[in-house]
Amino acid sequence: MSAASRIPIGAGGKAVVVPVALVVLAELAIRLTGFRSDSVAPPSEVVVAAIQALTDGSIARATGETLASAFGGLALGGGVGFALGILLGSSAVLDRLLDFSIETIRPVPPIALMPIALMVFGFGARLEIAVVAFAAIWPILILTRAAIAGIDPQLIEVARALRLGFGARVLKIVVPAILPRVFVALRLAAGISIIVAVTVEITVNPVGLGYAIMIAGQSLRPALMLALLVWIGLVGWAVNFLLLAAERSLFGFAQPRARP
Amino acid sequence: MNEPRRLKEFAVAADAAPLIEFRDVGVTLGGQTILAGIDLAIGRGEFVCVIGPSGCGKTTALRLLAGLLRPTTGSVLYRGEALTGPRQNIAVVFQDYARALLPWRTAAGNVALALEALGVPAGERAERARALLERVGLADHARRYPAELSGGMQQRVQIARCLAQNPDVLLMDEPFGALDAMTRQSLQDEVLGIVAATGATVFFVTHDLEEAVYLGDRVIGLRPHPGRIGIEEKVALPRPRDQLTTREQPEFLRLRRTLFDFTKSAKS
Amino acid sequence: MTRLAPVAWRLASLAVGILLVVLWQRIADARLIPAVFLPGPDQAWGSLVGGFASGTLLSLLLATVLRMIYGWLLASLLGIAIGAAIGMSPRARAYVGPTLELLRPLPAPAIIPLAIAFFGLSDAMVLGVIGFGALWPMLLATMHGFSAVEPRLYEVARTLGLSRLAVVFKIALPSSLPDILAGMRLGLTIALILAVVGEMLTGQDGLGTWILRAARGFRAPDLFAGVILLGLLGYASAEALAFAESRLLRWRPRTR
């Protein structure tokens with residue numbers, strides 16, 4: 001066995017070794033060979049560019065724009081998805097009747113709707129919110145519907161035994177029962193929302209992080225471009241992490257689901 | 001009484017050299033001594049049953065024979081040579097049959113896996129798999145997937161797969177523990193029938209004292225912490241065994257009593 | 001109520017769909033929404049038929065489909081091979097796994113500026129982006145599948161004397177197939193999206209370019225025709241994979 005396996009590195013150490021080694025290697029390789037290109041920059045320059053962009057507020061602004069559109073669309077699409085999910089989950093008749101229509105509309109890639117939104121709204125936040133909303137409907141609809149279907153029938157019996165009215169039944173039994181799974185759906189949809197928002201920005205919309213990264217690439221600033229790339233990844237990761245933490249603290253009692 | 005018993009070589013039929021030998025075998029894993037000072041000789045064609053409370057190391061002993069584990073001290077010999085890994089003529093029947101079968105293959109497919117490992121040409125495999133399933137009474141279920149079979153049937157598929165290896169030695173790790181009493185009894189008789197037909201040597205681990213006496217030529221009892229041999233009883237009951245008459249024999253009852261007392265004392 | 005035959009429900013569901021289309025037609029006819037934004041289904045249909053009759057739409061559709069499939073296949077082969085290799089080695093998993101997992105939330109389109117810098121606005125760039133984007137879900141899913149093989153089966157393989165290659169192809173691979181197929185499904189969705197985005201950015205022939213141009217020219221019927229086609233493409237590819245999945249995973253116990 002190699003010597004490396006005899007060095008006691010903990011699990012955390014092992015996870016970090018490869019990326020750190022790659023970064024160091026990249027830095028050395030680029031510096032030593034004097035390689036210059038429009039697409040590659042040494043990690044040190046990337047860090048410098050990142051700090052610059054952070055301090056002059058450009059990243060903050062772009063991030064704000066992207067997240068505003070993403071979460072705006074999430075709220076809109078999520079709301080529609082949630083309402084539909086409850087409706088279809090509660091009524092088997094409605095569910096079956098709308099099955100064909102939903103299954104026909106769902107496969108349309110959200111990005112394909114972007115030109116329509118562009119035509120209607122022109123450039124700007126509304127374009128993004130519209131496309132994100134369409135994308136966010138489906139995960140929330142499907143998981144809410146499944147959550148309703150998965151309510152322990154005994155809970156419904158309890159509601160009946162206690163003679164709860166419709167409103168009380170929804171508020172006190174249904175909503176708390178489905179909330180953990182709906183929250184998971186929300187987390188998933190949040191990830192999707194960010195990705196779709198950035199995609200729209202990269203493709204046409206001149207706002208936000210996607211636009212920033214395209215501009216950095218076009219103006220031949222590889223360090224900034226790479227810095228933004230890393231930043232976008234970080235934002236996505238951070239949102240997921242925060243929502244996961246919220247999920248755990250709010251619904252710690254619910255069964256922990258493996259990462260999707 | 002607390003010393004490990006040293007057993008004389010046990011000769012069966014005309015073959016005097018033991019097929020399997022444990023020589024002062026000890027196993028330590030993760031700081032715990034699971035087995036210590038095991039000396040055991042098993043002759044060709046012998047049916048040895050191993051009992052003992054949880055933690056006595058009987059499954060570990062089986063895994064040593066399966067070649068899945070190497071002893072920390074001492075040596076495990078098969079045909080006079082130290083076992084360094086699994087052998088194709090030592091077959092293992094695991095207790096958790098559901099996890100030991102490939103869920104994406106039919107019963108016949110699972111049996112065929114052993115044939116593939118042996119290098120049997122593709123054309124012959126289907127026929128031989130069917131024949132093996134027939135021996136365990138599952139010919140009609142050859143095309144079923146494990147999920148569609150009952151626990152007893154799944155265990156029989158595993159047995160059929162083992163038979164595909166034409167094994168000299170059968171290692172069975174509490175194979176019937178998770179099955180209901182009726183299935184257990186019918187499978188016990190099936191195993192006896194197979195062993196009688198093939199002359200295989202068997203190392204059978206079980207919790208069930210009566211099962212051990214019913215099936216075995218010899219019953220070994222292990223004490224835990226660390227695992228060592230505490231008792232050894234020869235089972236002088238006539239073969240073929242019968243679920244009703246054998247279990248009523250005075251010798252059966254005597255053995256049962258002796259082993260029961262042993263187990264109680266071993267647990268403390 | 002739900003005792004009606006499934007076929008009857010399918011038909012009823014279809015009827016509801018048709019009803020919605022009729023509603024759409026009414027709204028369009030009544031000009032409740034400006035015709036330039038919402039063409040009637042008759043106009044969209046007209047554009048579809050015309051486009052196919054002239055062969056334009058068919059060749060555009062084909063271009064998008066081929067792009068999507070090439071990129072996806074490439075990503076599949078690479079993703080499965082690498083994922084398998086990493087998944088089967090606990091050491092590789094410990095060293096590389098966490099980094100890969102961290103890359104999961106990275107939107108594949110964010111790679112596009114980098115790809116443009118490398119390949120320019122070319123077809124190669126689009127294919128590269130599709131391949132890259134579709135690679136990750138497949139690699140991660142395969143890695144997960146290979147790392148989660150029932151350990152007892154490995155012991156069975158050892159006692160049977162199976163060769164290392166046999167263990168990979170007869171035990172690890174079939175065991176990981178559900179995960180791999182799930183990854184491929186996700187990869188296909190991503191491939192379609194990236195194909196469309198790539199086309200929109202580079203102007204390469206395809207449905208993506210077509211609908212973007214239609215939008216810029218305010219040609220709503222063409223735009224809707226294109227969107228409908230893309231929806232059909234998404235549907236057909238998902239169904240094809242679902243069918244393949246059901247055949248390959250026939251052995252799964254029926255859980256409902």
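No contact joins chain A and chain B, and their closest C-alpha atoms lie 17 Å apart. The model is a predicted one. Two pairs of chains are in contact, and of these chains A and C share the most contacts.

**Contact of chain C with chain B**

- On the side of chain C, 14 residues are in contact with 18 residues of chain B.
- Two helices of chain C, α7 (151-160) and α8 (164-202), each supply at least two residues of the side that touches chain B.
- The most is given by α7(C), which contributes seven residues to the side of chain C that touches chain B.
- By residue class, the side of chain C that touches chain B divides into seven nonpolar, two polar and five charged residues.

**Overall form of chain B**

- Along the principal axes, the C-alpha atoms of chain B fill a box of roughly 55 × 45 × 40 Å.
- Of the 268 residues in chain B, 46% are buried.
- Among contacts in chain B with a separation of 6 or more, 71% are between residues 24 or more positions apart.

**An open sheet in chain B**

- Four strands of chain B, in the order β2-β1-β4-β5, form an open sheet with antiparallel pairing.
- The edges are taken by β2 (32-42) and β5 (81-82) of chain B, each with a single partner strand, so one side of each has no neighbour in the sheet.
- Strand β4 (residues 73-78) of chain B runs antiparallel to β5(B) and is joined to β5(B) by two bridges.
- B:Leu77 has B:Ala82, in β5(B), as its bridge partner.

**A helix pair in chain A**

- Helix α3 (residues 58-90) and helix α9 (residues 208-218) of chain A have axes that come within 6 Å and cross at roughly 135°.
- From α3(A), the residues A:Ala62, A:Thr63, A:Glu65, A:Thr66 and A:Ser69 meet A:Gly208, A:Leu209, A:Gly210 and A:Ala212 of α9(A).
- The residues of this contact between α3(A) and α9(A) comprise three nonpolar, five polar and one charged.

How values were computed
Residues numbered from 1 in each chain as written. Chains lettered and ligands numbered in written order. Predicted model: local features only at pLDDT ≥ 70, side-chain atom pairs only at ≥ 80, totals over all residues. Axes fitted to C-alpha atoms, helices over the stretch in contact; angles between N-to-C directions. Contact = placed C-beta atoms within 7 Å. Nonpolar A, V, L, I, M, F, W, Y, C, P; charged D, E, K, R; others polar. Buried ≥ 20, exposed ≤ 12 C-beta atoms within 10 Å, placed from the backbone. Pairing = 2+ DSSP bridges.
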